[in-house]
Each structure stands twice: as structure tokens, then as C-alpha cells.
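Biologist: Let us go through this model and test each label against its definition.

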Amino acid sequence: MYGQDLAIPGVRVNVQHLLMRIDAISVWTGKAAAWLIIGLMMLVCGEVFKRYILNMPTAWIFDASNMLYGSLFMLAGAYALAQNAHVRGDFIYSSLKPRTQAALDLILYIFFFLPGIAALIYAGYDYAALSWRIGEHSTVTAEGPPIYYFKTVIPIAGALVILQGLAEILRCIVCLRTGAWPARLKDVEEIDVVAEQLAHSEHLDEETREAAIERAQDIDRAARQRGLGGESGE
């Protein structure tokens, strides 16, 4: 059902393959950005040691840690969208039929998401270009580090999010035509880690272990169905 082709003048594109390729880009960038946590942890630990053990605080680490965290936050946006992990505040959404969900999502993507992210890319590009021209440094602390690298992340992150957003719009169109949501490229989730830990536990018998894993998976599926909706065609 999801292997149908998308008709484009002069081109035939397999929809599911295209969606998975875009998902893969978002997942890869999200995982790559996750390594910034290591740098952030090292900066914070180093500053704690210098400040409280050596009594030699470093002013620029505050700026650097903010930039690392900000870069991680922005670059992970496309990953979260690809995994359908952004929080939905509307409890009514999960009770709607897939086609109704798709119609609502499509309207919101076109009238709110695309203009908002396009404005982010446009403004972010101007901010980054100006920052590079003047060699901008942070003024929050003395001897602030350069921030033009950080501002460059804004349009890059916006471009990644809008690419994933176009994939989500395509998913809405497919759902409107078929009545079911296309599959997503799955990544390791917290419930998978819990299941693996239980599977290797030496303190549970096989029956109890399987029951615990199944119960954890049921809770996770129920939570996703209530909060996110649209993963299945039911």
C-alpha cells in the first residue's frame, strides 16, 4: 500500500522509499548532534573542577556550554519530527480517524509550519551572515568566544526541519489517499533498552521476564496511541 509511486512530470518516485531516505537524513543528523553532549559534559565537569577545586573559574565556558546546548537543541529538531516525538497537547487528536488526523496536520503544516520555519531560515541566514562579516563574539562574559559558528547552525537546523516537514506533508497526502499512515524509520527507544535489560536479567524466570517485557511494551504502545496518534492504520 505504501510502495505506490508518486507522479511527478517526467519522474516516478517511490513514496515510501523517499520518506525513508528523508527520515534517514534526520535520524543521522540527530545522532551526530547527540555527540555534542560529550563536549558539553566535559566543559561543565572541567569548569566545576577549576572553579571549586582550583579556584580558577573560566568565564568563556558559560558561553560555550550555552552554544553547545543550543546547537544540540536545534539540530535535534528534525530528528524529533522524524520520530513523531514532538509533544501533542490536543487529547482529541488521538481519537480521530487517520484521514481526519492527516487533514488537520496538512492544514497546520501548510499554514503554520512552513511559513514559520521559512522565516527561521531567512532570519537565521541574515543573522549568521552579519555575524561572520563582523567577526561577532559573545558579550555575555568577558573575552567571550566567537558566536558566528553558533549562529550558522540556525539556518542549517531550519533547512533540516523543513526537509523533514515536507516528508510529513507527503505522509499526510498518502494517508488521505489510503486511510493509513505510512511507516516511519524507527530508532532505538527507551522501551527497547528496558526490554533488553529484562531479557538479560538473571533474577527473573523466563515466564516473569516475558510478561514484564510484554507489559512494558503494552504501556508504551498505549501511551503513544493516546499522545501521538497516527502510527497505525487502525
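Predicted model: local features only at pLDDT ≥ 70, side-chain atom pairs only at ≥ 80, totals over all residues.

Modeller: Residues are numbered from 1 along each chain as its sequence is written, and side-chain values use heavy atoms, without hydrogens and water.

Biologist: How many helices and strands are there in the protein?

Modeller: Eight helices and two strands. Both are DSSP runs, numbered from the N terminus: helices are H or I with at least four residues, strands are E with at least two. Along the sequence the pattern is β-β-α-α-α-α-α-α-α-α.

Biologist: What span is expected for helix H3, residues 60–75?

Modeller: The rule is 1.5 Å times one less than the number of residues. H3 has 16 residues, and 22 Å is expected. From first C-alpha to last, H3 reaches 23 Å, close to that value.

Biologist: Why is Tyr52 called exposed?

Modeller: Exposed means over 50% relative accessible area, buried under 20%, partly exposed in between (1.4 Å probe, protein chains only). Tyr52 has 64% relative accessibility, so Tyr52 counts as exposed. Tyr52 lies in helix H2.

Biologist: Which residues of H3 are buried?

Modeller: Among them are Ile61, Asp63, Met67 and Leu75. Their cover includes helices H1 (15–34), H2 (36–52), H4 (77–82) and H6 (148–178). In the protein, buried residues make up 35% of the 234 residues.

Biologist: What share of contacts between residues at least 6 apart in sequence joins residues at least 24 apart?

Modeller: The share is 72%. Contact means heavy atoms within 4.5 Å.
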